[in-house]
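Please look over the sequence and the structure below.

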Amino acid sequence: MTATTADVWLPFPAEEIDGLPENLNYLFWDGGTEYPGNPADCAYYVVPYMKGPEIAQRPLAAMSGVQVVQTLSAGIDHVEPGLGLLPAGVRLCNAKGVHEASTAELTLALILASLRGFPGFVHGQDKEEWRSGFYPALADKSVLIVGYGSIGSAIEDRLAPFECARVARVARSARTTARGPVHTLDDLPALLPEADVVILSTPLNPSTQGLVGADFLAATPDGALLVNVARGGVVDTKALLSELESGRLRAALDVTDPEPLPQGHPLWHAPNVLITPHVGGSTSAFEPRAKRLLAAQLTRFAAGEPVRNVVTTTG
């Protein structure tokens, strides 16, 4: 199968995406029961956004001719378990460049809302109570970003005007950036005791699954704020609940484990926690950026050029 005869499965109608090359056959599929064509004829599969792992992986076993699997999320954990169903040489690409602005915005919103007591103000407004008081500021706080990829970097961009005492950075590999050094996970024991705000923006993989457990949390100072815009599985929920219920730590969570958080789960009503329903990337900024990414990627694919954002290749 050549790119010029290839079927492309898109979660948007092709006519809504400017700049698509004309020499590809575009089929619309956003996770419905019926496939838009024969999965074996699909050469470029764009995974439906935020439809869950079951839908993301459903057609993979039948995609014998697929060459590229493209997520519209920064994370690939919802697709990765199905990669063994694919032939060798399939490139898995993520959506680097699509979610940085939205996720970084939400991160700052969660930090500010939690520190400045917004959940309490909302409850007070419901009860017509004037809850004045003295609240923490982000200014002069020490911030630790765990997961310093493109989203972590975008978060630091937005922290810059807030007069933080310092920002420390952790990623898989040590390196130096224009803003300072990036540490490895091995350095966390030395960095956590100084962190007033810990931001999680790391991918979920074997090295980060349950990373934030009892020992990690115990190493943070009293009153620290944990902000998770990564994946729920990065945090041990039981360990976090213990710290929240003791009143020692606070948390602002856009992702949880389990997710969606079921009714009756103790995390809903734990003290000092603010929960948003995994909306880091779900904003008006998503669609135009996603469509620009797809147009650029498919233009390269149709021309026989290397696609970008390749996270892994099946072997």
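A salt bridge is a side-chain nitrogen of Lys or Arg within 4 Å of a carboxyl oxygen of Asp or Glu. Glu156 and Arg169 form such a pair, with their closest N and O atoms 2.9 Å apart. Glu156 sits in helix α4 (residues 150-159) and Arg169 in strand β7, so the pair links distant parts of the chain, 13 residues apart. The model is predicted, and the distances here are computed from it.

How exposed are the two partners? Residues under 20% relative accessible area count as buried. Glu156 has a relative accessible area of 5% and is therefore buried. Arg169 is buried as well, with a relative accessible area of 5%.

Helix α4 also supplies Asp157 for another salt bridge, this one with Arg179; the closest N and O atoms are 2.6 Å apart. Arg179 belongs to the loop between β8 (175-177) and β9 (180-183), so the pair ties together parts 22 residues apart in sequence. Here both ends are partly exposed: Arg179 has 39% relative accessibility, and Asp157 has a relative accessible area of 39%.

A further pair joins Asp77 and Arg231, whose closest N and O atoms are 3.1 Å apart. Asp77, at 24% relative accessibility, counts as partly exposed; Arg231, at 19%, counts as buried.

How many salt bridges does the structure hold? There are eleven. Among the residues involved, Glu16, Glu287 and Lys291 are joined into one network by salt bridges that share partners.

Next comes a charged residue without such a partner. Glu100 lies in helix α2. Glu100 is buried yet has no salt bridge, and the nearest side chain of opposite charge, that of Lys96, is 6.6 Å away. That distance is beyond the 4 Å cut-off, so the two do not count as a salt bridge. What the side chain of Glu100 does make is a polar contact with the side chain of Ser150, at 2.5 Å. Apart from neighbours within four places in sequence, Glu100 is in contact with Ser150, Ile151 and Ala154.

The helix that holds Glu100 can be checked for length. Helix α2 has 16 residues (100-115), which at 1.5 Å a residue should span 22 Å; the C-alpha atoms at its ends are 22 Å apart, so the two values agree. Of these 16 residues, 13 are buried, so α2 is largely enclosed by the rest of the structure. After α2 comes Gly117, which has a positive phi, near 80°.

In soluble globular proteins, nonpolar side chains tend to be buried together. The largest nonpolar core in this model has 30 residues, and Leu144, Val198 and Leu200 touch the most other members. Two or more residues each come from β6 (142-146), β7 (166-170), α5 (188-191), β10 (197-200), α6 (214-218), α7 (237-246) and β12 (250-253). The largest share, four residues, is given by α7.

Which residues are in contact with Val198, leaving aside its neighbours within four places in sequence? They are Leu144, Val146, Leu192, Phe216, Thr220, Leu225, Leu226 and Val227.

Conventions
Residues numbered from 1 in each chain as written. Predicted model: local features only at pLDDT ≥ 70, side-chain atom pairs only at ≥ 80, totals over all residues. Heavy atoms only, no water. Expected span 1.5 Å × (residues − 1). Buried < 20%, exposed > 50% of the residue type's maximum accessible area, 1.4 Å probe, protein only. Core = buried A, V, L, I, M, F, W, Y, C linked by side-chain atoms within 4.5 Å. Contact = heavy atoms within 4.5 Å. Lys, Arg positive; Asp, Glu negative; His and termini not counted. Polar contact = N/O pair within 3.5 Å; in protein donor to acceptor, adjacent residues only side chain to side chain.
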